[in-house]
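Please examine the structure below before reading on.

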Amino acid sequence: MTLTERYLNAVAAPLPKDEREDIIAELAEEIAARREARESDLGRALTEDEEEALLREIGHPLTVAARYGKGPNHVVGPELFPWWMFGVKAGLIVMAIIVALGAVVRVLVGDVEVGRAIGQGLHSLFNGAIMLVGFATIAGFIFERQKKRPDFMCEWRVKDLGVFELGGGLDADRVSRGLQQGDWSGMKPIVVTPKSSPVVRGLASAIGVGVVLLWWIGWLPLTHTTPETFGAIIGDVDYGRILRELHTLLYWPVIAVLLVRIAFDLTRAAHPEGVRFTALGDIGFGLAEAALGFWLWTASPLSPVIYEPTVADVVTRVRDMFGSGWWSVADIVMLIVLFGFIGAVFRILQAIGRLITGKA
């Protein structure tokens with residue numbers, strides 16, 4: 001078997017079977033033409049080394065076969081890459097918040113020393129970042145092979161361009177300078193305000209919720225700050241046990257709600273003009289948040305720690321907190337649940353107003 005025959009066999013292997021013969025015949029003709037021209041110039045037949053050099057000029061068999069393949073020959077192309085990078089930056093921001101929150105809680109409850117918490121947090125963030133980049137790349141691979149680009153990529157509006165400001169402060173050169181020299185002056189704050197465009201809010205929310213979902217189900221290896229390990233035994237209350245029970249009871253409902261939330265956020269990003277659609281979604285998610293707060297207050301494993309039967313009892317407990325200057329973990333958790341419920345109610349009322357008026 002000649003070198004050319006071996007080369008053609010290597011090219012043929014990854015090609016589609018229904019097109020293989022035609023492509024190989026066309027390539028064989030090209031090689032033969034080049035060979036004849038080279039031999040004509042030299043006035044003799046090519047040596048084996050010269051034949052191999054000619055085949056190298058044509059290209060590696062895998063590269064040549066890829067030219068005849070269907071679909072893009074890249075994972076994430078130049079048009080999609082800025083969106084891929086935006087998603088990775090936004091995801092890293094959310095992940096860093098989760099890791100930082102977990103480290104702070106573990107230090108406050110005495111579970112770990114500050115230095116060890118920082119080291120474990122950085123280790124978790126590094127591992128999680130690798131997973132995040134992998135998931136983002138898989139998503140980019142799928143998007144790249146769709147016949148139609150998402151509407152938010154094709155039918156964009158100038159007033160929505162602020163979407164790229166999210167994560168704009170995460171510049172690699174500035175981060176490197178900050179770590180080496182302590183100079184963080186070039187870093188810009190990352191803010192997504194309520195008045196940001198629907199595209200900004202939708203994409204930012206979808207990415208953030210996606211990271212939380214991956215963390216909730218354990219696919220992001222933030223090993224030291226999993227949903228079950230935020231607790232400890234404090235004041236004779238086993239918060240670790242409570243959190244494990246809550247995670248077990250809420251595992252599938254939270255997954256369902258987060259998946260619906262991601263779909264909703266992507267839809268409102270693709271159709272930013274749908275004010276009433278967004279309002280309906282906000283009402284639904286507000287009701288879900290309010291129901292969760294009510295359940296946590298009255299019937300959850302956390303209820304015995306935070307429950308107060310009347311408003312007067314709540315007021316008395318808060319007054320005692322401020323009067324004594326001592327805020328227990330139970331008191332802080334109570335306020336978080338209470339204000340979370342009140343916030344959900346206000347968001348529902350605001351969404352109802354948008355639904356009636358049709359104005360954002």
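The axis of a helix is a line fitted to its C-alpha atoms over the stretch in contact, and the angle between two axes runs from 0 to 180 degrees between their N-to-C directions. In this predicted model, helix α2 (residues 17-42) packs against helix α3 (residues 48-58) at an angle of about 130°, with the axes 11 Å apart. The helices α2 and α3 are therefore oblique to each other. The crossing of α2 past α3 is right-handed. On α2, the residues making the contact are Leu 27, Ile 31, Arg 34, Arg 35, Arg 38 and Leu 42, while α3 contributes Glu 50, Glu 51, Leu 54, Leu 55, Glu 57 and Ile 58. Sorted by class, this contact of α2 with α3 comprises six nonpolar residues, six charged residues and no polar ones.

The second topic is the aromatic rings. A pair of such rings is described by the distance of the centres and the angle of the planes. The model has six aromatic pairs, including the two tabulated here.

| Pair | Centre to centre | Angle between planes | Arrangement |
|---|---|---|---|
| Phe 81 and Trp 84 | 5.6 Å | 20° | stacked |
| Trp 297 and Tyr 307 | 6.4 Å | 65° | edge-to-face |

Phe 81 and Trp 84 lie three residues apart in helix α5 (residues 81-108), so about one helical turn separates them. Phe 81 is partly exposed, at 39% relative accessibility, whereas Trp 84 is buried, at 17%.

Trp 297 belongs to helix α11 (residues 275-298), and Tyr 307 to the loop between α12 (303-306) and α13 (311-324). Trp 297 is buried, with a relative accessible area of 12%, whereas Tyr 307 is partly exposed, at 39% relative accessibility. Elsewhere, Phe 264, Phe 277 and Phe 285 form one aromatic cluster.

Methods. Residues numbered from 1 in each chain as written. Predicted model: local features only at pLDDT ≥ 70, side-chain atom pairs only at ≥ 80, totals over all residues. Heavy atoms only, no water. Helix = DSSP H or I, 4+ residues; strand = E, 2+ residues; numbered from the N terminus. Parallel < 35°, antiparallel > 145°, perpendicular 65-115°, else oblique. Left-handed = near helix turned anticlockwise from the far one by under 90°. Contact = heavy atoms within 4.5 Å. Nonpolar A, V, L, I, M, F, W, Y, C, P; charged D, E, K, R; others polar. Phe/Tyr/Trp six-rings, centres within 6.5 Å; stacked < 30°, edge-to-face > 60°. Buried < 20%, exposed > 50% of the residue type's maximum accessible area, 1.4 Å probe, protein only.
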